[in-house]
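Reader: I've just opened this one and I'm new to it. Could you walk me through how to read it?

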Amino acid sequence: MAIESLHHAAAGALAGLGVGAPESGASRPFALPEPGAGPWWVALIPFLPLAASIACGLCAAFKVKTKLPAWISVAALAAAFGVAVAMFTELAGGTSITHAFRWIEFRWGSEPGQVFTANFSFYADNLSILWMLFVTGLATLIALYASEYMSHDVGTGYCRFFAAFNLFVFSMSCLVLGDNLILLFLGWEGVGLCSYLLIGYYYKKPSAVAAAKKAFIVNRIGDLGLLMGIFLTFVHFGTVEFRELFALAEPYAQAVRQGRIGDVPGIVQLIPVLLAIGAFGKSAQFPLYVWLPDAMEGPTPVSALIHAATMVTAGVYLIARTYPLFLASDIALPLVAWVGAITALLAATIGMAQFDIKRIMAYSTVSQLGYMFCGLAVLTSTGAVFHVLTHAFFKATLFLACGAVMHGFAGQLDLRKLSGVLFMPGWLIVGLAMLVGCLNLAGVPLTAGYFSKDLILAEAFITPTMAPIGWILLLTAGLTAYYTFRVFFRVFLGPKEFHPGDDHHGEAETDVKHHSEQVEHGDPHAEAVGEKAHGVGDDAHGADDAHDHHHGHDHFHPHPPGWAINGVLAVLAIASILAAGLYFVGDKGWVDGMLKASTAQQIYAADGSHRAAVFTATTGTPEAKGTFFGFDPHKAMYYVSAVVGLIGIGVAFYLHYWKRTEAERSLADNLVPRLGPIAVWAQDKWRVDELYDMVIVKPLRVISHVFHVFDKLVVDGLVNLFGLLPRLIGSALRPSQHGQLQGYAAATAAGVAFVLLVVLLLAVGAGVSS
Amino acid sequence: MMETTLLAAQTVPGVAAGAGMDLVAPMAGVTLAHYLFVSAAMFALGLVGFLVRRNLIVMFLCTELMFQAAGIAMIAFARYHLEMSGQTFVIFVLTVAAAEAALALALVVLLFRMRDSLSSEAWQELKG
């Protein structure tokens, strides 16, 4: 009740201010505009996908054998996208809260502060609507793509897939639109659950099940941090609602700006660190990134939507959403910066040495997420969010192109087994979409990825003490360009050649495990020599008798993608190209204009002192603004990062395209032995999984064995002891029931005699006393 | 209480109890104690018989013996106190005993048919 009336009051106040105009902050420097009451139909954004999810579940219950679930999903998601667009125009830069229903309200007293409120309300501002636009938009396109990609599973897993897919969009919408940390956490766990369900979609495949469990468990570690952060937030601020939280955090941010860091209590500084740990888990940052590459066991549309474009950016969203809290601490953002930079570099080096193209894309996602975190940490939320946006489009394009290849070549993902796909009949759109994605990821000038990456790089050099981050990211940019075009030159260019995978339908079958192992532990020399050069030539038919043991592949025809996959790829590729245009919209780019009206930028953008305040702990020169060898980093990066990217592409061109006549071998094979153990270690993913296995998994297993023995001996022993007691008593009393009539009679007689004796003695005693 | 009654019965002869004693004149000198002694002896015989014999019919007869011992005691007390209700009660007991005897014997016959034995040891299935 009270909240609703507040909303109405706020709506009036907002109307008076002029909705969300950044200039309104001029008179009151850091005042946040009060959110108004939003229209009810914002609730359709999460609830349409939920309805679609339920409908798909019903399809499963009624054993629908058609593509109906896909069309339901596409329609619902497209409608949700439409609502998001409508909300974007309705909002016009303002902030609104739509109250759906009262959800959690604990009251332990009549005082105003003695209440814990978390409503099912949707906080719509430019930040959350921006997220909703690309989440629902991409989900629509990818659902359309999946309608074809998953067509082999119609009647079996098709309904299950789309039910989980829609549930994911519902959870993601709750995460993004939630007006409090609890609803955000609900969405956070919901996307984690859907991720688990979809990674383990091929549940007959042991590696998929293991990957699903790994993703779920590693995410729990991060979620613990997030949960603790939420607890502490409530303990200190007494609320979990963003509207109140931002207002309460503002004085602390002001204290940081004015150099009074001592005035900020430790608990307030700890909250953003804990929230960041949650973000590291969900967004696959070091040291919790290990689940994301394994998550590629799921169907490719899932990898594209959840594990590249949307869910993994939830960590970036969390930090951007709670930016006012991060600005009230001088340890949280540097932590985020270093974790992001280490992750970016580490994942890029691993990605360089992998052979599974989907895994390369997965490591690239981890690496690019590191960029986004760095962007947030060097106070360019614009750069970070712009990179999220461009990355969502071009990485979805890349994944879907890889998925089309995987779909067409029976699950083949090894870049040594495919070559010249671009020139095969029917693969032109896939190849071109892949090229667009690669150009973006490599940061080739005038692509969207180039602009968004440069923003982050330049701001890193501008920020005092953060120049090392800039150098790491610059190096990573070169590595990224190399491994991206390594895939493109190997798989899409060069002589036409292919070896189909073992997988008939992308569905779990007995030989799938063998296939994935082969890819994982790929060794250039371990492949069977007899399998060489299948399908070489123009007919592009992989018929050869040497393939006997892969029965069913004797007459393998790669099937080029149909209209849904091609159409979606074309749309996404064009969107990736057009996204570059956003950089030129408005004064400093469209995203900058968007964020200016949200809390992700408002507080520190009011004056420049925040950057200096947070990052001058060591330099001691608050006004210092970093330069790139005396040049303005923003201008210098246009050229430097372009050159670095082109060098990376050039190296990839030389090592993987130049003089390459077959799929298996390229000039890189001459280089690898000279690198010694480095190449092997990078291919083994720096053995981080093995390290975790040794340091965490094995000791936990030992401890669990100890507890198992304790349980068997002590706990079970106690329980059994209590179970034994009645039995012991029973066996003690059992002889009295001997079944002999005379015995019973004697006992009765003895009993009566005893009673009589007692009575007699009592009578005698009574007689004596009287 | 019991002691005093017994003493009274011994010190004060039957005549003192009034005209009722004249009806049993030939048995003058037989006091309540004699009746009670017979009753107790019969009860003890019945009890011992019940405990030591295994034959179901004999055991049943022994219960009858204990029954009648109680009856005798009751009649003796009734006569001593010149109170007719005790005798009436015994008549009822006899009636019930007759019915019970019929039932019990029928049971014994059935039990015999099932085991071809009259021994009570043939029926020990309920032992623990």
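Author: Let's go feature by feature, starting with the ground rules.

Author: This is a predicted model, where local features need pLDDT of at least 70, side-chain atom pairs count only at pLDDT 80 or more, and totals for chains, interfaces and linings use all residues. Residues are numbered from 1 along each chain as its sequence is written, while chains are lettered from A and ligands numbered from 1 in the order in which they are written.

Reader: How many helices and strands does chain A have?

Author: Helices (H or I, at least four residues) and strands (E, at least two) are DSSP runs, numbered from the N terminus. Chain A has 29 helices and 5 strands. Chain B has 4 helices and 0 strands, and its pattern along the sequence is α-α-α-α.

Reader: What share of the residues in each chain is buried?

Author: A residue is buried if 20 or more other C-beta atoms lie within 10 Å of its own, exposed if 12 or fewer, and partly exposed in between, with C-beta atoms placed from the backbone. In chain A, 51% of the 770 residues are buried. In chain B, buried residues make up 12% of 128.

Reader: And contacts, how do I read those?

Author: Two residues are in contact if their C-beta atoms, placed from the backbone, lie within 7 Å. Take the contacts in chain A between residues at least 6 apart in sequence: 81% of them join residues at least 24 apart. For chain B, with a separation of 6 or more, residues 24 or more positions apart account for 51%.

Reader: How many residues of chain A are in contact with chain B?

Author: 11 residues of chain A are in contact with 11 residues of chain B. On the chain A side, the residues that touch chain B are 5 nonpolar, 5 polar and 1 charged. In this sorting, Ala, Val, Leu, Ile, Met, Phe, Trp, Tyr, Cys and Pro count as nonpolar, Asp, Glu, Lys and Arg as charged, and the others, Gly among them, as polar.

Reader: Which residues touch the most other members of the largest nonpolar core?

Author: General idea: in soluble globular proteins, nonpolar side chains tend to be buried together. A nonpolar core here is a set of buried Ala, Val, Leu, Ile, Met, Phe, Trp, Tyr and Cys residues joined through C-beta atoms within 7 Å. The largest one has 234 residues, and Cys374(A), Ala396(A) and Leu473(A) touch the most other members. Helix H16 (residues 381-408) of chain A gives this core its largest share, 17 residues. Not counting residues up to four places away in sequence, Ala396(A) touches Leu138(A), Ile142(A), Ala304(A), Leu305(A), Ala308(A), Ala309(A) and Leu572(A).

Reader: At what angle do H5(A) and H6(A) cross?

Author: Axes are lines fitted to C-alpha atoms, for helices over the stretch in contact, and angles run from 0 to 180 degrees between N-to-C directions. Helix H5 (residues 158-177) and helix H6 (residues 181-199) of chain A cross at roughly 155 degrees, and their axes come within 7 Å. That makes H5(A) roughly antiparallel to H6(A); angles under 35 degrees count as roughly parallel, over 145 as roughly antiparallel, 65 to 115 as roughly perpendicular and the rest as oblique. Their contact has 14 nonpolar, 3 polar and no charged residues.

Reader: How are H17(A) and H21(A) oriented, parallel or antiparallel?

Author: Helix H17 (residues 428-442) and helix H21 (residues 563-579) of chain A pack at an angle of about 30 degrees, with axes 9 Å apart. H17(A) and H21(A) are therefore roughly parallel. The residues of this contact divide into 10 nonpolar, 4 polar and no charged.

Reader: Is Ala410(A) buried or exposed?

Author: Ala410(A) is buried, with 23 other C-beta atoms within 10 Å. Lys659(A), another residue other than glycine, has a positive phi near 60 degrees, but Lys659(A) is exposed, with 8 other C-beta atoms within 10 Å.
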